[in-house]
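Please look over the chain displayed here before reading on. The paragraphs that follow lead through its charged pairs, its strands, its cores and its surface.

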Amino acid sequence: LNGLYLVILYKMEWRDTRKIINAMAMWMKGIKEVDFIEFANRVVSNFLLNEVRPELRKEIQKHKRAGGRIVMLSASLNYVCDPIGESLGFDHIICSSLKLDNDEFTGKPDGQLCFGKEKLVRLEQFYQVIESNPDNDYYYADSFSDVYVMRKVGYPVAVDPDRHLKRHSKHKGWRVL
């Protein structure tokens, strides 16, 4: 019920999204990492990978054939992102992680959660490491919270965007799928 409540707050934009995400991270407190890895692998293989649209797989292959680097930049936890990225052939994964204490989650993030402006910070750090810039890169997003990164790359694409991102993308002339 608490999860449903937080989702409603998020969808209706009645609470700061960062507070919602931090509240959800607290649900992990006391859960053993090994148990969550098993759970996440089942969810990814039985549900999430089945939801990946064929168009996305084609888009990934198009970029790979063109020599592109495929990078996942996500607010989700590494336990979900890693198996998805591996299955889809991503080259790099940048995502959120949680602190552990004695192989149990503390309910606190390990650093900043990869969300909103933090995504841009992480992307800029990534570009420093690879000694490149985002001018020729594509970025696919569905949420207005990704607009910071979308403004930075050469080719932002809104995919099944929320209403704010859809409106903003149309105003900016960004591609909308």
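Lys 152 is partly exposed, with a relative accessible area of 37% (buried means under 20% relative accessible area, exposed over 50%, and partly exposed in between, with a 1.4 Å probe and protein chains only). This is a predicted model, in which local features need pLDDT of at least 70 and side-chain atom pairs count only at pLDDT 80 or more, while totals for chains, interfaces and linings use all residues. Residues are numbered from 1 along each chain as its sequence is written, and side-chain values use heavy atoms, with hydrogens and water left out.

The side chain of Lys 152 meets that of Glu 124 in a salt bridge, 3.4 Å from N to O (a salt bridge is a side-chain nitrogen of Lys or Arg within 4 Å of a carboxyl oxygen of Asp or Glu). Because Lys 152 lies in the loop between α7 (147–150) and β6 whereas Glu 124 belongs to helix α6, the pair ties together parts that are 28 residues apart in sequence; helices (H or I, at least four residues) and strands (E, at least two) are DSSP runs, numbered from the N terminus. Glu 124 counts as partly exposed, at 31% relative accessibility. Salt bridges with shared partners also join Glu 59, Lys 62 and Arg 175 into one network. Within it, the closest N and O atoms of Lys 62 and Glu 59 are 3.3 Å apart, and these two residues are separated by about one helical turn, being three residues apart in helix α4 (residues 54–65). Lys 62 is partly exposed at 37% relative accessibility, whereas Glu 59 is buried, with a relative accessible area of 12%. In helix α3, Arg 42 and Glu 38 lie four residues apart, about one turn of the helix, and their side chains form a salt bridge of 3.1 Å, N to O. A search of the whole structure finds nine salt bridges.

Strand β6 (residues 155–158) pairs with β7 in the parallel sense over two bridges, where two strands pair if DSSP finds at least two bridges between them. The order β5-β6-β7, with parallel pairing, describes an open sheet of three strands. In this sheet β5 (138–141) and β7 (175–176) stand at the edges, each with a single partner strand, so one side of each is left without a neighbour in the sheet. Against this region, Ser 169 in helix α8 (residues 163–172) is buried, with a relative accessible area of 0%. Leaving aside neighbours within four places in sequence, Ser 169 is in contact (heavy atoms within 4.5 Å) with Met 150, Ala 158, Trp 174 and Val 176.

A separate pairing is antiparallel: strand β3 (residues 98–101) and strand β4 (residues 104–109) are joined over three bridges, and Leu 100 has Phe 105 in β4 as its bridge partner. The two strands form a hairpin with two residues between them, and Asn 102 in the turn has a positive phi of about 55°. Asp 103, in the loop between β3 and β4, likewise has a positive phi, of about 65°, although it is not a glycine, and it counts as exposed at 56% relative accessibility.

The interior can be followed through its nonpolar cores, each a set of buried Ala, Val, Leu, Ile, Met, Phe, Trp, Tyr and Cys residues joined through side-chain atoms within 4.5 Å. The largest has 23 residues, and Phe 36, Ile 84 and Leu 98 have the most contacts inside it. At least two residues of this core are supplied by each of α2 (17–26), α3 (33–48), β1 (71–77) and α5 (78–88), and the largest share, five residues, comes from α5. Apart from it lies another core, of 16 residues, which includes Ile 94, Cys 114, Leu 123 and Met 150.

Leu 1, found in the segment before α1 (2–11), is exposed, with a relative accessible area of 90%.
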